[in-house]
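Let's take a walk through this fold together, strands to begin with and then the helix. Have the sequence and the coordinates open as you read.

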Amino acid sequence: ALSSRAASVEVEHVIVQSIGPEESVAVRATYYGEGEGVALMGTALVHEEVAEAGVRALLHAVNRKLVGS
C-alpha cells in the first residue's frame with residue numbers, strides 16, 4: 001500500500017454539499033510519491049455520518065490512484 005511505496009496523502013479540502021435531497025462529501029487531496037504531487041478527487045454520498053462519507057470519499061480518491069498506477 002502507501003508505506004511500501006514510500007508515499008503519503010495530504011487532504012487539502014473537504015466540502016459537504018446538498019445535491020437534491022441528499023448530502024454528499026467531496027475530498028480534494030494530494031498524493032506524494034516518487035518526489036511529485038498528484039491531485040486526487042473523491043466523492044461519496046452521506047448515508048448516516050458526514051465523517052464516514054468523508055473517509056469513503058478519501059478512500060475513493062486514493063484507490064483510483066493506486067489501481068491506476
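Angles here run from 0 to 180 degrees between N-to-C directions, and axes are lines fitted to C-alpha atoms, for helices over the stretch in contact. Contact itself means heavy atoms within 4.5 Å. Helices (H or I, at least four residues) and strands (E, at least two) are DSSP runs, numbered from the N terminus.

What you're looking at is a predicted model, in which local features need pLDDT of at least 70 and side-chain atom pairs count only at pLDDT 80 or more, while totals for chains, interfaces and linings use all residues. Residues are numbered from 1 along each chain as its sequence is written, and side-chain values use heavy atoms, with hydrogens and water left out.

How far can you trust it? pLDDT is the predictor's confidence in each residue, from 0 to 100. The protein has a mean of 90, with 91% of its residues at 70 or more. Strand β1 (residues 8-19) has the highest confidence, at 95, and helix α1 (residues 50-68) the lowest, at a mean of 91.

Now the sheet. Two strands pair if DSSP finds at least two bridges between them. Three strands make up an open, antiparallel sheet in the order β1-β2-β3. That leaves β1 and β3 (36-45) as the edge strands, each pairing on one side only. Ignoring direction, neighbouring strands are turned by 15 degrees against each other on average.

Follow β2 into β3 and you'll find a hairpin with two residues between the strands, where E34 in the turn has a positive phi of about 55 degrees. The two strands pair antiparallel over ten bridges. Y32 has G37 as its bridge partner in β3, and S24 has L45.

S24 is worth a stop. This serine belongs to strand β2 (residues 22-33). Leaving aside neighbours within four places in sequence, S24 is in contact with I15, V16, Q17, I19, A44, L45 and V46.

Finally, the helix. α1 lies across β1, β2 and β3, running at about 135 degrees to β3. Its 19 residues reach 27 Å from first C-alpha to last, close to the 27 Å expected at 1.5 Å a residue, where the expected span is 1.5 Å times one less than the number of residues. A53, G54, A57, A61 and V62 are buried in α1, and the buried residues of this helix pack against β1, β2 and β3.

How values were computed. Buried means under 20% relative accessible area, exposed over 50%, partly exposed in between (1.4 Å probe, protein chains only).
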